[in-house]
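I opened this notebook to keep track of what I looked up, entry by entry. The sequence and the structure come before my notes.

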Amino acid sequence: MKTTKIQKLALAGIFCAVAVVGSLFSFPVFGSKCAPVQHMVNILCAVLLGPWYGVGVAFVASLIRNLTGLGSLMAFPGSMFGALLCGVAYKLGKNIPLTLLAEVFGTSVLGGLCAYPVAILFMGQSVADVAFYAYIVPFLVSTVGGSIIAGALVYGLKGTGALSTMQKKLAR
């Protein structure tokens, strides 16, 4: 295995651990646990590792959070859609503001809408009790917070030159 692949896997593992530990800092909003650190990790994965690593990290972190009781099934749609969209946005345009917006849109709108069938089918929610758009607002609150944190980190890394150094090291 190439050294770069090992480095990417190691960084993905670190990001996964940060997302799981960061979920200890969550807050409830309308029946959803908002964990902004997961969204920060999604954006860092997008910028450093790419969309598929981002989706993988989001999935594994959601799985671990569920297995350890730190999250709910909402963690899956609440993290994976944003990870995919912001990863693709960064890969195509290398535009940081667009990447941040893609995370917010992917998580809040797409993830929020996809959380509805998860709540109905797997969490025993009644169709009469939950509107199809009920998870958009809580996911929006969570992802905006995480995107602000990630934006500050990414721009800080970019300003010092560390971002380009890390990207070059991982691109080999």
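How are α2 and α5 oriented to each other? I kept in mind throughout that this is a predicted model.

**Entry on α2 and α5.** I looked up the packing of α2 with helix α5, which spans residues 96–122, and found an angle of about 130° with the axes 10 Å apart. Because angles over 145 degrees would be needed for roughly antiparallel and 65 to 115 for roughly perpendicular, α2 and α5 are oblique to each other. I noted that the crossing of α2 and α5 is right-handed. On the α2 side the contact is made by H39, N42, I43 and A46, and on the α5 side by T99, L100, E103 and T107. I sorted the residues of this contact of α2 with α5 into 3 nonpolar, 4 polar and 1 charged.

**Entry on α2 and α6.** I then turned to helix α6 (residues 136–160), whose axis comes within 7 Å of the axis of α2 (residues 36–48), the two crossing at roughly 45°. That angle makes α2 oblique to α6, and I recorded their crossing as right-handed. From α2 the contact takes P36, H39, M40, I43, L44 and V47, while α6 brings S142, T143, G145, G146, S147, I149, A150, L153 and V154. When I divided the residues of the contact of α2 with α6 by kind, I had 9 nonpolar, 6 polar and no charged.

**Entry on α2 and α3.** For helix α3, residues 51–67, I found that it packs with α2 at an angle of about 155°, the axes lying 9 Å apart. With that angle, α2 is roughly antiparallel to α3, and the crossing of the two helices is right-handed. I listed Q38, V41, N42 and C45 of α2 as making the contact with G54, V57, A58, A61 and R65 of α3. The residues of this contact of α2 with α3 divide into 5 nonpolar, 3 polar and 1 charged.

**Entry on the largest pocket.** How much space lies in the largest pocket? I noted about 230 Å³ for the largest pocket. It is lined by 14 residues, of which A46, V47, L48, Y90 and K94 are the closest to its centre. I also checked which helices take part, and α2, α4 (75–93) and α7 (162–171) each supply at least two residues of the lining. I divided the lining of the largest pocket into 8 nonpolar, 3 polar and 3 charged residues.

**Entry on two residues seen again.** Going back over my lists, I saw A46 in the contact of α2 with α5, and A46 is also among the residues closest to the centre of the largest pocket. V47 belongs to the contact of α2 with α6, and V47 too is among those closest to the pocket's centre.

Terms used:
Residues numbered from 1 in each chain as written. Predicted model: local features only at pLDDT ≥ 70, side-chain atom pairs only at ≥ 80, totals over all residues. Heavy atoms only, no water. Axes fitted to C-alpha atoms, helices over the stretch in contact; angles between N-to-C directions. Helix = DSSP H or I, 4+ residues; strand = E, 2+ residues; numbered from the N terminus. Parallel < 35°, antiparallel > 145°, perpendicular 65-115°, else oblique. Left-handed = near helix turned anticlockwise from the far one by under 90°. Contact = heavy atoms within 4.5 Å. Nonpolar A, V, L, I, M, F, W, Y, C, P; charged D, E, K, R; others polar. 1 Å grid on protein atoms, 1.4 Å probe; cavity = no way out; pocket = protein on both sides within 12 Å on 5 of 7 lines; lining within 4 Å. Points joined across faces, edges and corners; volume = space filled by probe spheres on them.
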